[in-house]
Every structure is written in C-alpha cells, then in structure tokens.
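The entries follow the order in which I looked.

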Amino acid sequence: MENNKLLEKLGSGREYRAMRLEVRSAEGGDDTRQEVTGYATTFNQPYQLYEFDMDDGIYRVFEQVDPHAFDECDMSDVIMQYDHEGRVFARTKNGTLRLAPDENGLQVTAELGGTEIGRQLYAEIKGGYTDKMSFGFVVGEDKREVTRDHENHITTVMRTITKIKKLYDVSAVSLPANDATSISARKFTDGVIGEIKAERLKRANTAKKIKLTLLGV
C-alpha cells in the first residue's frame, strides 16, 4: 500500500516532457504551407526521469505512457508556443494545430504559415536551429511499480501514465528539461545560478521523500 504513495507529487500538477520536432514538406509541393510535425509522446516506451545516489544505493525513476492515456483527455483548446510563453503559433480551435493518437504515440502537426513569427519559427526548425519541443499536461491516473536489485543496491521505480486529464500546450523550446517537475525552458540570463541551485535543492528534497516512502516511513 505504501507504494501507492510513491512519487505522488509527480501527478499533482502540470508536468512537462521533452519531444522532438521535425519539418514535413507539404503535400503536392505547396510551398505556402509551412507545416511541422512530431510526437508529443510515444506509447509503451519507458524513459528515465531521475537517477540519484543515496546512502543505501542508486534510485532510478522511469516513466511510460499507456496507449489509451489520451482516450478521455481534454484537448479542446491546445496551443503551440515557444518556451511555454509569449505569442501563440498554432491552435486547435482554428485548425492550425492537429493532435492525433496513432499506433506510435500522440502525433502533433502544426501549420506555421499564418503569421510572420510562425514563418520565422518554421525557418528555424527547417534550418535545424530548433528541433526540440515539450508539452504541458495534467495526469489523471497512473500506476507505479517498484523493484529492487539488492545485490547491486539499485531501486527502480516504473511509473505508467494510464490517463491524461488535460493537455494544455505543445511548445518549441530552446533548452528542454530532462526531469518531470521543472519547466522545460531555461534562459541563461541574470539569476540563472540561483535557479540552478534551487533546482538542485528541489531534486535533493524529492530524493529524500522518495527514499522515505520506499522505506514505508
């Protein structure tokens, strides 16, 4: 029963995951359509969220998305941005952003030719300057499995997201995050050292909470 509480913070609010963006040529050679496509997530393919050392060994946290996680997801008004802020490049409401689960994952297709800034972003993606994205969502349901390799002192946690309640945005990003709880973009401006220190402290506190939960404390 204690394992049901493990990593409960991971599902308590909006989360972000990295994905890759590609340029897709418009069909029929229509150069006026400046379209990009990618996958917000793939299904049944575990990826690592955390790895940290504790006094009693190594702790690793993995995550995967169930193929039916988006079956009841609210995707009625999803936007595409850059670094999760600023202007909107595409939107489901006006048909410039399309989201479609398939056998591989949640496919994202965005038409960027409608605005000047959209065309600029398309050129950056096509030129390889921007090729990463993330998406913001809220988990509705998940399940966790804990396994322990006592010989090598490794504890592994597998989190499977079985239901995503709400999808807020997909965003092209400059520097995508690699963990579950931080915002995807990191801007190296004034105060960045303080942000890094705060993030490290946050990770350390999370590690301690995970360990105590695993031990049933």
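Entry on Lys163. I looked up its charged partner in this predicted model, and found that the side chains of Lys163 and Glu72 meet in a salt bridge, with 3.2 Å from N to O. Lys163 belongs to strand β10 (residues 154–172) while Glu72 sits in the loop between β4 and β5, so the contact ties together parts that are 91 residues apart in sequence. I then checked accessibility on both sides: Lys163 is partly exposed at a relative accessible area of 26%, whereas Glu72, at 61%, counts as exposed.

Entry on the whole set. I ran the search over the whole structure and noted ten salt bridges; I followed up some of them below.

Entry on helix α1. Arg119 forms a salt bridge with Glu116, and I read 3.1 Å between the closest N and O atoms. Both residues lie in helix α1 (residues 116–126), and because they are three residues apart there, about one helical turn separates them. For Arg119 I noted a relative accessibility of 32%, which counts as partly exposed, and for Glu116 a value of 48%, which also counts as partly exposed.

Entry on Asp142. I found a salt bridge between Asp142 and Arg144, whose closest N and O atoms are 2.6 Å apart. Asp142 is partly exposed, with a relative accessible area of 23%, but Arg144 has 18% and therefore counts as buried, the cut-off for buried being under 20%.

Entry on aromatic pairs. I looked next for rings that pair, and the structure holds two such aromatic pairs. In one of them, Phe43 and Phe70 have ring centres 6.4 Å apart and planes at 45 degrees, so I recorded the pair as tilted. Phe43 lies in the loop between β2 (35–42) and β3 (47–54), and Phe70 in the loop between β4 (57–65) and β5 (79–82), so the pair ties together parts that are 27 residues apart in sequence. I checked both Phe43 and Phe70 for accessibility and found them buried.

Phe135 and Phe137 also form an aromatic pair, and this one is stacked, with 4.8 Å centre to centre and 20 degrees between the planes. Phe135 counts as buried at 2% relative accessibility, and Phe137 is buried with a relative accessible area of 1%.

Entry on Tyr168. What lies over the face of Tyr168? I found Arg14 there, at 3.7 Å from the ring centre, and I also noted the charged end of Lys166 sitting over the ring of Tyr168, 5.7 Å from its centre.

Definitions and conventions
Residues are numbered from 1 along each chain as its sequence is written. This is a predicted model: local features need pLDDT of at least 70, side-chain atom pairs count only at pLDDT 80 or more; totals for chains, interfaces and linings use all residues. Side-chain values use heavy atoms; hydrogens and water are left out. Rings of Phe, Tyr and Trp (its six-membered ring) pair if their centres lie within 6.5 Å; planes under 30 degrees apart count as stacked, over 60 as edge-to-face and the rest as tilted. Helices (H or I, at least four residues) and strands (E, at least two) are DSSP runs, numbered from the N terminus. Buried means under 20% relative accessible area, exposed over 50%, partly exposed in between (1.4 Å probe, protein chains only). A charge sits over a ring if NZ of Lys or CZ of Arg is within 6 Å of the ring centre and within 35 degrees of the ring normal. A salt bridge is a side-chain nitrogen of Lys or Arg within 4 Å of a carboxyl oxygen of Asp or Glu.
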